[in-house]
Amino acid sequence: MSMPELRAAGISEILAPVFAKITGHGPNQQFIDIGENANGGPVPPSSTFWLGTDNNGRDLFIRILYGARISLVVGVLATAISVALGVVFGLAAGFIGGFVDTFIARLIDVMLSIPFLIIAISVAYISGPSLWLVIVIVGVLSFTYLARIVRGQVISIKNREFIEAARALGAGPWRTMFVDLLPNVMAQVIVYATLLIPAAIVLEASLSFLGVGVPPPTADWGSMISDASGFFQYGYWWFLLFPSLALLTTTLAFNIFGDSVRDALDPRAGIYV
C-alpha cells in the first residue's frame with residue numbers, strides 16, 4: 001500500500017525537468033503578464049498553470065515538483081548522516097561501556113535537553129541559509145534517539161553465545177562490533193531510518209518556513225507555505241493548499257512505509273543469528 005505512494009513521490013521528483021519542458025515553465029520563471037491578476041496576485045489553476053501561480057507569477061505545479069527534489073535530498077542525506085552517527089556512537093557506548101558509555105550518554109542527554117529548532121535556527125542564522133548546512137544540521141541533531149536504540153540492543157546481545165564464540169576465536173573489538181554485532185541491530189536501524197526521513201523533511205520545511213533553511217529562489221515547500229500564509233485570507237487558497245498537500249502526502253507515505261518495514265522486521269519475530 002505504501003510503495004505506490006513512495007513510487008509516485010519518486011517519479012514526480014525525477015520527472016520534474018520533464019514536466020517543466022512539457023509546460024515550458026521553469027521553476028523560477030516569472031510570468032508577469034499571465035501569471036498575475038490585475039491586483040498583482042496569483043492566478044488560480046487553469047490549463048496554462050495546472051495548480052495556479054505563486055505571488056511572483058511562477059508556475060506552482062513546477063515549483064512543487066522541484067521542491068520535492070529538495071525535500072527528498074534533505075530527507076535521505078540527513079538520515080544517512082544520522083544513521084552513521086547513531087550506529088557508531090551506539091555501538092561504542094554499548095560495547096565498550098565504562099567511561100565511553102558514560103560520556104556518550106551524557107552527550108546525548110545534553111543534546112536532547114536543548115530544543116532542536118533553537119539550535120538549528122541559531123546555527124543557520126549565524127552561518128546563513130544553505131541547503132548543505134540544513135542537511136548537516138538535521139543529520140547531526142537527529143542521531144541521538146538512534147544511538148540510544150543501538151546502545152540498548154548492543155548491551156542486550158553483546159554477552160550472547162555467538163559473541164563469546166567470536167572472541168574465543170580471536171576476533172578483535174572492531175570486528176566484533178561491525179561484523180558480529182552490527183548485523184544483529186540492523187533491523188532496528190532500518191526501521192528507525194525509514195521514520196527519520198519524513199521527520200527530516202518536516203524539519204527542513206520548518207527551517208525554510210522560518211527563513212533560515214534553503215535560500216530563495218530555490219523551490220522549497222517550506223518557503224512556499226511561508227509565502228502563501230499571507231495570501232490565503234484573500235482567497236488565494238491554491239497557493240497554500242497544494243504545497244501543504246505535497247508535504248503532507250510525502251511525509252504520510254514515508255510514515256506508512258516505515259510502519260510496513262517495522263511490521264516486516266518485527267524484533268519479536270527473532271532477528272538474532
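Predicted model: local features only at pLDDT ≥ 70, side-chain atom pairs only at ≥ 80, totals over all residues.
**Entry 1: helix H4**

I looked up H4 and found that it runs over residues 98-113, which makes 16 residues. I checked its reach: from the first C-alpha to the last it spans 23 Å, close to the 22 Å expected at 1.5 Å a residue.

Next I asked which residues of H4 are buried. I noted Asp101, Ile104, Ala105 and Ile108. These four lie on the same side of H4, because they cover an arc of only 100 degrees around the axis.

I then turned to the face of H4 directed away from that buried side, and there I found the exposed residues Phe99 and Ser113.

What do the buried residues of H4 pack against? I listed two partners, helix H3 (60-96) and helix H7 (144-157).

**Entry 2: the cavity**

The largest cavity holds about 30 Å³ of space.

I wrote down the residues that line the largest cavity: Thr79, Ser82, Val138, Ser142, Leu196, Ala199, Ala200 and Leu203. I also noted which elements give two or more residues to this lining, and they are H3 and helix H10 (186-209).

Which element gives the largest share of the lining? I found that H10 does, with four residues.

Last, I sorted the lining of the largest cavity by class: five residues are nonpolar, three are polar and none is charged.

**Entry 3: a link**

I see H3 in both searches: the buried residues of H4 pack against H3, and H3 gives two or more residues to the cavity lining.

Technical notes:
Residues numbered from 1 in each chain as written. Heavy atoms only, no water. Expected span 1.5 Å × (residues − 1). Buried < 20%, exposed > 50% of the residue type's maximum accessible area, 1.4 Å probe, protein only. Arc of directions from axis to C-beta. Contact = heavy atoms within 4.5 Å. 1 Å grid on protein atoms, 1.4 Å probe; cavity = no way out; pocket = protein on both sides within 12 Å on 5 of 7 lines; lining within 4 Å. Points joined across faces, edges and corners; volume = space filled by probe spheres on them. Nonpolar A, V, L, I, M, F, W, Y, C, P; charged D, E, K, R; others polar.
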